[in-house]
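Visitor: I have a structure open and would like to talk it through. Could you walk me around it?

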Amino acid sequence: MLITMQTKATRAAASDSYVKQTLREVGIQPRILRSTRLVDLVGTVDAKLVAAAYGMTNEAVIAYLSDHVDFARLPNP
C-alpha cells in the first residue's frame, strides 16, 4: 500500500509514475514485483482462480507454473 499526499485525502490509488519513480529509487521494477507475486499465488492457489481474479487468460497464468512442480499432486511411484 502506498500513501501519498494526494491519496491520503481520497480513495484514489497512487499514480503509475509515482510508483515507478519510488521503486526506481530502490532499484526494483514494478514488473518484477508483479511477476513475483503471481508466481507465489499460482504456486499456492489454483491457477484458474488466479486467472479469474486478475482478468488473465488461463494460458497466461500457466506460464508462471512452468518451473513449479507440486510433488503432493504427483502419484507415488
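Visitor: How many helices and strands does the protein have?
Guide: This is a predicted model, and in it the protein has four helices and zero strands. Read from the N terminus, the elements run α-α-α-α.

Visitor: What share of the residues counts as buried?
Guide: Of the 77 residues, 14% count as buried. The protein exposes about 6600 Å², and carbon and sulfur atoms supply 57% of that area. As for contacts with a separation of 6 or more, 12% of them come from residues 24 or more positions apart.

Visitor: Okay, which residues make up the largest nonpolar core?
Guide: That core has seven residues in all, namely Leu 38, Leu 41, Val 42, Ala 47, Val 50, Ala 51 and Val 61. Helices α2 and α3 each supply at least two residues of this core. In soluble globular proteins, nonpolar side chains tend to be buried together.

Visitor: Let's take α2, then. Which of its residues are buried?
Guide: The buried residues in α2 are Leu 38, Leu 41 and Val 42. Viewed down the axis of α2, its buried residues fall within an arc of 95°, so they line one face of the helix. Thr 36 and Thr 44, on the other side of α2, are exposed.

Visitor: What covers that buried face?
Guide: The cover over the buried residues of α2 includes α3, residues 47-54, and α4, residues 58-62.

Visitor: How far apart are the ends of α2, and what should it span?
Guide: Helix α2 covers residues 30-44, which is 15 residues, and at 1.5 Å a residue it should span 21 Å; the C-alpha atoms at its ends are 22 Å apart, which agrees.

Visitor: Now α3. Which residues there are buried, and which are exposed on the other side?
Guide: In α3, Ala 47, Val 50 and Ala 51 are buried. Seen down the axis of α3, these buried residues fall within an arc of 100°, so they line one face of the helix. On the other side of α3, Lys 48, Leu 49, Ala 52 and Ala 53 are exposed.

Visitor: What do the buried ones in α3 pack against?
Guide: The buried residues of α3 pack against α2 and α4. Taking Val 50, and leaving aside its neighbours within four places in sequence, the contacts are with Leu 38, Leu 41, Val 42, Val 45 and Val 61.

Visitor: Why does Ala 51 count as buried?
Guide: Ala 51, which is found in helix α3, has a relative accessibility of 2%, and buried means under 20%, so Ala 51 counts as buried. Its contacts, again leaving aside neighbours within four places in sequence, are Met 56, Thr 57, Asn 58 and Val 61. The C-alpha atoms of Ala 51 and Val 61 are separated by 6.0 Å, although the two residues are ten apart along the chain.

Visitor: What comes after α3?
Guide: α3 is followed by Gly 55, whose phi is positive, near 70°. Thr 57 has its place in the loop between α3 and α4, and at 46% relative accessibility Thr 57 counts as partly exposed. Thr 57 and Ala 47 are ten residues apart in sequence, and their C-alpha atoms are 9.9 Å apart in space.

Visitor: Changing topic, where does Gln 29 lie?
Guide: Gln 29 lies in the loop between α1 and α2, and at 42% relative accessibility Gln 29 counts as partly exposed. The C-alpha atoms of Gln 29 and Tyr 18, which are eleven residues apart along the chain, are separated by 12 Å.

Visitor: One more: is Thr 7 buried or exposed?
Guide: Thr 7 is buried, with a relative accessible area of 10%. Thr 7 is found in the segment before α1, the helix of residues 16-25. Not counting residues up to four places away in sequence, Thr 7 touches Leu 2, Ala 12, Ala 13 and Ala 14.

Technical notes
Residues are numbered from 1 along each chain as its sequence is written. This is a predicted model: local features need pLDDT of at least 70, side-chain atom pairs count only at pLDDT 80 or more; totals for chains, interfaces and linings use all residues. Side-chain values use heavy atoms; hydrogens and water are left out. The expected span of a helix is 1.5 Å times one less than its number of residues. Buried means under 20% relative accessible area, exposed over 50%, partly exposed in between (1.4 Å probe, protein chains only). The arc is that of the directions from the helix axis to the C-beta atoms. Contact means heavy atoms within 4.5 Å. A nonpolar core is a set of buried Ala, Val, Leu, Ile, Met, Phe, Trp, Tyr and Cys residues joined through side-chain atoms within 4.5 Å. Accessible areas come from the Shrake-Rupley method with a 1.4 Å probe; for residues, only the protein chains shown count as cover.
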